[in-house]
Amino acid sequence: MSQTSVNDLNQPVTERDHTYGPADASVTLVEYGDYECPYCEQAHRVMKELRGELNDEVQFVFRNFPLRQMHPHAELAAEAAEAASAQGAFWEMHDHLYEHQDALEREDLDGYAAELGLDEDEFVRALNEGRHEERVQQDFLNGAHSGVNATPTFFINGTRYDGQWDAPTLRAALEDAMRQ
Amino acid sequence: MTPDAAEGEIDYTHPELEAEQTPLQPGTEAPDFTLPTTPDQAVTLSNFRGQPVILAFYPADWSPVCGDQMGLYNEFLSEFRDYNAQLFGLSVDGVWSHDAFEADRNLHFPLLADFEPKGEVARAYGVYRDEPGTAERALFVIDAEGVVQWSYVSPVGVNPGVDGILDALEELPSEENQ
C-alpha cells in the first residue's frame, strides 16, 4: 500500500455509458460532472463547442458525480438525465439541464420532460421510484475509485487530465492524444 | 516564500521545495493526541481504538483546494461509515475558524485544531512544513489497533481525491471493517 500517483479510469467505457461521437474514435474524453456545479456549467459550454468541432474524431462520455451535500439539486437532476436516457433522450436532457442550471426543482425537471416531448408520466414514475438512483451511485463510486477529486474531472483515453479545460487548451490536449 | 512576498502570497504550488520530514509509514503506531474540535469539546485519538480512523491533514481552512478536498470527503461519509471508519480533518487553524468553515461548507465531520502548540500533531506525524507554518496535505488510515496502515502526502496544490482512502480501508482486515 504505497503512494499512487497515476489516476486511471477503472471503469472502461461501454454501452452503458452516455456517448457522443464515434465509438471507434481514437480519443475518448470522459467527464465526471454534477448538474448543479457552476464549473460544470462552464465545462458544458466547452463540451458543446468541442462536440461540434471534433465530433468525427473524439468520443465524448458523461458520467454522474453529484456532490449531494454541496449541491442539493444535483442528485435528482442526474436521475432526470438518466430517466430521459431511458427514453432515448439523454443528451437532449443533459444539455437542457445545464442550460437551465438555475431551475432544477422537481417541478422544473418534470416540465423539461414535457418540453422535450418525453412520456411525462413515465418520467415522473421513474423519478418517484428512484429507478436510476443506483446507476447514479455506481458512476459516483467508480469515479471516486478512479481518482475523481472535483467536478468536473476529465479523463483522456483513460488517464486523468489535470490541465486547464478552457476550449483551446482542452482541444490541444485532445489533438495531442490523437497524434499518439 | 521570498522575504518581500506580501502576506497571502504563500506559494502553495511548489510543494517539492523542501521535504524536511518523513510521514509516518505503515506499521508505525499512530501517536496519540488530544485536540479541540469546538470551543468546548476535544477529541482523543485513542478513544477511537476498535475502529479505523482517517486523519486528513490540510494546510488551511478557506484556502483554495482545501475546501474542495474537505467538501469531497464530506460526500463520502456514508462510504467511510460502511467501514466503521471515523474521519477527522486537521489543520493549524483554531476552533473558531474551523467552526465557521464547517458551517460555510456544510461539513458533517469534525475538524481538529492543531493550534497550540502549533502543528504539534502534524510534527508527530511527520507532515509539518516549517516555511508556511502549516501541515502538508497528508492522509493517514489507522487501523482498529491504532497502527498506521496507509499514508500519503499529496502535492500541496493537488486535491488527493478519495480513492487512496477507499482502497486503504478496503485492504484492512475484514473484522475491522464490520
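Predicted model: local features only at pLDDT ≥ 70, side-chain atom pairs only at ≥ 80, totals over all residues.
Q: What makes β1 and β5 of chain A edge strands?
A: The open sheet of chain A has five strands in the order β1-β3-β2-β4-β5, with mixed pairing. Strands β1 (18-20) and β5 (159-161) each pair on one side only, and these are therefore the edge strands. Neighbouring strands of this sheet are turned by 30° against each other on average, direction ignored.

Q: How do you know that β2 and β3 of chain A pair?
A: Pairing requires at least two bridges between the strands. Seven bridges join β2 (residues 27-33) to β3 (residues 58-64) in chain A, so the two count as paired, and they run parallel.

Q: Why is the pair R106(A) and D110(A) called a salt bridge?
A: The criterion is a side-chain nitrogen of Lys or Arg within 4 Å of a carboxyl oxygen of Asp or Glu. The two side chains meet at 3.0 Å, N to O, so the pair qualifies. Both residues lie in helix α4 (residues 106-115) of chain A, four residues apart, about one turn of the helix.

Q: What makes E129(A) exposed?
A: Exposed means over 50%. E129(A) has a relative accessibility of 51% and therefore counts as exposed. Its salt-bridge partner is R131(A), at 3.0 Å, N to O. R131(A) has a relative accessible area of 37% and is partly exposed.

Q: How do you know that E29(B) and R49(B) form a salt bridge?
A: Their side chains meet at 3.6 Å, N to O, and the limit is 4 Å, so the pair counts. E29(B) lies in the segment before β1 (34-38) of chain B, whereas R49(B) lies in the loop between β2 (41-44) and β3 of chain B; the pair links distant parts of the chain, 20 residues apart. E29(B) is exposed, at 55% relative accessible area, and R49(B) is partly exposed, at 44%.

Q: What makes R16(A), E82(A), R135(A) and D139(A) one network?
A: Salt bridges that share partners join these residues. The whole structure holds 21 salt bridges over all chains.

Q: Which residues touch the most other members of the largest nonpolar core?
A: This core has 36 residues, and those with the most contacts to other members are F65(A), M70(B), Y73(B), F80(B), I165(B) and L169(B). The largest share, four residues, comes from α5(B). Among the residues that Y73(B) touches are A56(B), F80(B), L139(B) and I165(B). Apart from this core lies another, of 25 residues, including C40(A), F90(A), M93(A) and L97(A).

Note on methods: Residues numbered from 1 in each chain as written. Chains lettered and ligands numbered in written order. Heavy atoms only, no water. Axes fitted to C-alpha atoms, helices over the stretch in contact; angles between N-to-C directions. Core = buried A, V, L, I, M, F, W, Y, C linked by side-chain atoms within 4.5 Å. Buried < 20%, exposed > 50% of the residue type's maximum accessible area, 1.4 Å probe, protein only. Contact = heavy atoms within 4.5 Å. Lists of a residue's contacts leave out its neighbours within four places in sequence.
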